[in-house]
Amino acid sequence: MIGRLEAAEQAFWRRERVIDAGWYPLHPYVRLMERLARLQRQPVRAFMLAQSIRAAQVDIAGVYKPMLPTASPKRIAARVHLAFNRYFRPASARPVRVRDEVAEYELQTLPDDAIEFFRGLNEGFVRGALMEAGATKIELSYGPARAQAPGLVTQPFHVSFEQLPAGSRSQRGGTPRS
């Protein structure tokens with residue numbers, strides 16, 4: 001498809017890393033997020049967390065409702081990687097282990113020069129998805145990234161949370177950390 005574009009357009013799309021699920025170039029998108037954060041007078045990380053928490057809330061109530069059932073935080077934790085896989089191809093996520101209130105994953109094929117971008121959006125979406133399912137005391141941490149191929153890394157991360165007792169879902173929430 002790119003071969004049908006004019007030479008200047010081909011050069012742009014071949015030069016930029018593209019998130020193919022949305023067909024937009026990665027680095028200009030990162031710069032856009034940085035600019036929007038400045039306009040909102042927020043640190044970039046806090047802005048990205050807020051945006052991706054909102055995205056989780058909207059998407060889980062809409063387009064991802066069948067894929068991410070909010071019956072329990074554990075069910076969300078077992079499936080939240082699927083949203084990352086749909087949003088950020090060719091990068092991907094896979095669960096390593098999901099237990100009652102703990103989940104471990106790997107983000108794979110991440111461009112090493114945009115790792116903070118992916119961490120920020122991933123953290124917000126996972127946090128927002130778990131909040132929608134009624135989780136509290138959500139903690140997310142990243143292990144050291146491992147080189148996967150030139151310019152690409154694998155990023156392990158760990159999530160812990162508490163599940164509210166049945167019938168008390170109105171007390172949702174986790175506290176975003178910057």
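Helices here are DSSP runs of H or I with at least four residues, strands are runs of E with at least two, and both are numbered from the N terminus. What you see above is a predicted model, in which local features need pLDDT of at least 70, side-chain atom pairs count only at pLDDT 80 or more, and totals for chains, interfaces and linings use all residues. Residues are numbered from 1 along each chain as its sequence is written, and side-chain values use heavy atoms, with hydrogens and water left out.

Let me start with helix α3, residues 44-61. Buried means under 20% relative accessible area, exposed means over 50%, and partly exposed lies in between, with a 1.4 Å probe and protein chains only. The buried residues of α3 are Phe47, Met48, Leu49, Ser52, Ile53, Ala56, Asp59 and Ile60.

On a 1 Å grid over the protein atoms alone, a pocket is an open set of points with protein on both sides within 12 Å along at least five of seven lines, a cavity is a set where a 1.4 Å probe fits but cannot get out, and lining residues have an atom within 4 Å of a point. Points are joined across faces, edges and corners, and a volume is the space filled by probe spheres set on them.

The largest pocket holds about 180 Å³, and of its 10 lining residues the closest to the centre are Tyr29, Ala55, Tyr87, Phe88 and Leu121. Helices α2, α3 and α6 (115-132) each supply at least two lining residues, and α3 gives the most, with three.

The largest cavity has about 90 Å³ of space, and among its 14 lining residues Val80, Phe84, Asn122, Phe125 and Val126 are the closest to the centre. Two or more lining residues come from each of α5 (81-87), β4 (102-111) and α6.

Finally, some backbone angles. Most residues other than glycine have a negative phi. Arg41, in the loop between α2 and α3, has a positive phi near 55° and is exposed, at 78% relative accessible area. Thr109, in strand β4, has a positive phi of about 60° and is partly exposed, at 24%.
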